[in-house]
Amino acid sequence: MANMKLTDSEKAMLDGGEGPAVQKAMDLLVRYGEALGAERLVDTNNVCGAATAPSPWKLEIAKKRGVEQGLHAGFSEMNLDSDEVIEMPRVKVYTCQLIQQFGPDTASLHEGSREMLELQKQADSFFGARGMHIMATCTPYQVGNVPVKGEHCAWMESSAVIYCNSVLGARTNAEGTESTGAASLTGKIPYWGYHLPENRFGTHLVDVDVPVDDMMDWGLLGYYVGEIVQDEIPVLRGQMSQPELIKLKHFGAAASSSGGVEMYHIPGVTPEAPTVEVALGPRRGVQTLTYGKRERRIAYENLNSTAKDRKVDFIMLGCPHDTIEQIWQAARLLEGKRLHAGTELWIHTPRALRELADRCGYTKIVEEAGGHIVSDSCPAISRMMPRGTRVVATDSAKQAHYLPAITGVQAWFGSLQNCIDAALTGTWSGGLD
Ligand code: F3S
């Protein structure tokens, strides 16, 4: 018997009134909510999760018993925490797939398993037919999923979660594959953490004493602040210029990588913080940190701590997935030029924006220079890179943080210009001014 307070319709789901998959999903949410101390569930009509990516295990079942059976089994195990294979029904609420694996259109770029690329394509059809929107990006807010202030969501992916809470003012915790799978079938998620207004006030004040203007500086600021505040809520004030989507996307991705930041406030910019006082709410005497020249250098050196060799093999742009403006900026720097022999460049963006890049002629410019615009995944998630990659250059603090740890490569972090220079010369010449 559940301790959490359930409505009649939630009880009916738990009793199996809407079929076995919904029953498993509700059972999972009740167990999860009770472990967290949630008193109830909350309705959500905005789920961003991860169900479609193939795995060796799913592939094995698909080979033995057919693709459908492999994907039903995968959803049961990974998204419903069920050993018993249950047929996945249509989702009940608006559900989007975040980043997944690369598809067959990237086969010429890396040595990843062809069978897995093909299974990803089949998974797109399987989950699409069950109502899942295959956005296949860590930036769903770039391609149509833009929840409004106060909306209860169930999102995964740290860079998306921090954007959702902070920039959009919608409400989500950093969910997992299981809870988002269950939310997609029930339209419910435990009401705890960032769903509660009293948990959304700032815990630290950050005085920014050095100008923060370009994307690289926003990444450095995020990386430093995340490392200090860990999973708490910083409120930033000081010498930051007006940010836009790109800078906040990079700031949040960096802060959620070095720490576990899921929400921040910038008074006058983010929607729940018209002033510092409102951002802090009832909290008084919070810890104040300073971000100055010294702290900026510490962040830069930490991000470049794995890089030794200035000869660069691979330039990775688009973490989190690039906006069309970022692709345009890269195309302008590449126009009429050629990549250095032996250097690869991938620009990652949602597939819908790739279509726009094609239409605007940016894809042609990037490809004529020898680079590629790719969708659906990224090297950190897919573990796929050009063959023989040893040294990576990136404009993303998040990718510089994760890629060496996950794949053992060296990584240089710098500006877009530094990265394009490395792509054209094969040599890293970036640094901090
Ligand atoms: Fe997105 Fe991959 Fe970066 S999921 S945020 S491009 S590590």
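Predicted model: local features only at pLDDT ≥ 70, side-chain atom pairs only at ≥ 80, totals over all residues.

Trainee: Which domains each give at least three residues to the shell around the ligand?

Mentor: The shell includes Cys-138, Glu-157, Ser-159, Cys-378 and Lys-398. By class, it has 7 nonpolar, 3 polar and 2 charged residues. At least three residues come from each of domain 1 (8–195) and domain 3 (306–425).

Trainee: Which helices each supply at least two residues of that shell?

Mentor: Ala-380, Ile-381, Lys-398 and Gln-399 are among the residues that surround the ligand. The helices that each supply at least two shell residues are H15 (379–382) and H16 (397–407).

Trainee: At what angle do H9 and H16 pack?

Mentor: Helix H9 spans residues 245–258, and its axis lies 7 Å from that of H16. The contact is made by Ala-253, Ala-254, Ser-256, Ser-257 and Ser-258 of H9 with Ala-397, Lys-398, His-401 and Tyr-402 of H16. By class, this contact has 4 nonpolar, 4 polar and 1 charged residues. The packing angle is about 35 degrees.

Trainee: Why is Cys-153 in no disulfide, and how far away is the nearest cysteine sulfur?

Mentor: A disulfide requires two cysteine sulfur atoms within 2.5 Å. The nearest cysteine sulfur to Cys-153 lies beyond that cut-off, so Cys-153 is in no disulfide. That sulfur belongs to Cys-164, at 4.1 Å.

Notes:
Residues numbered from 1 in each chain as written. Heavy atoms only, no water. Near = heavy atom within 4 Å. Helix = DSSP H or I, 4+ residues; strand = E, 2+ residues; numbered from the N terminus. Nonpolar A, V, L, I, M, F, W, Y, C, P; charged D, E, K, R; others polar. Domains from an automatic or database assignment. Axes fitted to C-alpha atoms, helices over the stretch in contact; angles between N-to-C directions. Contact = heavy atoms within 4.5 Å.
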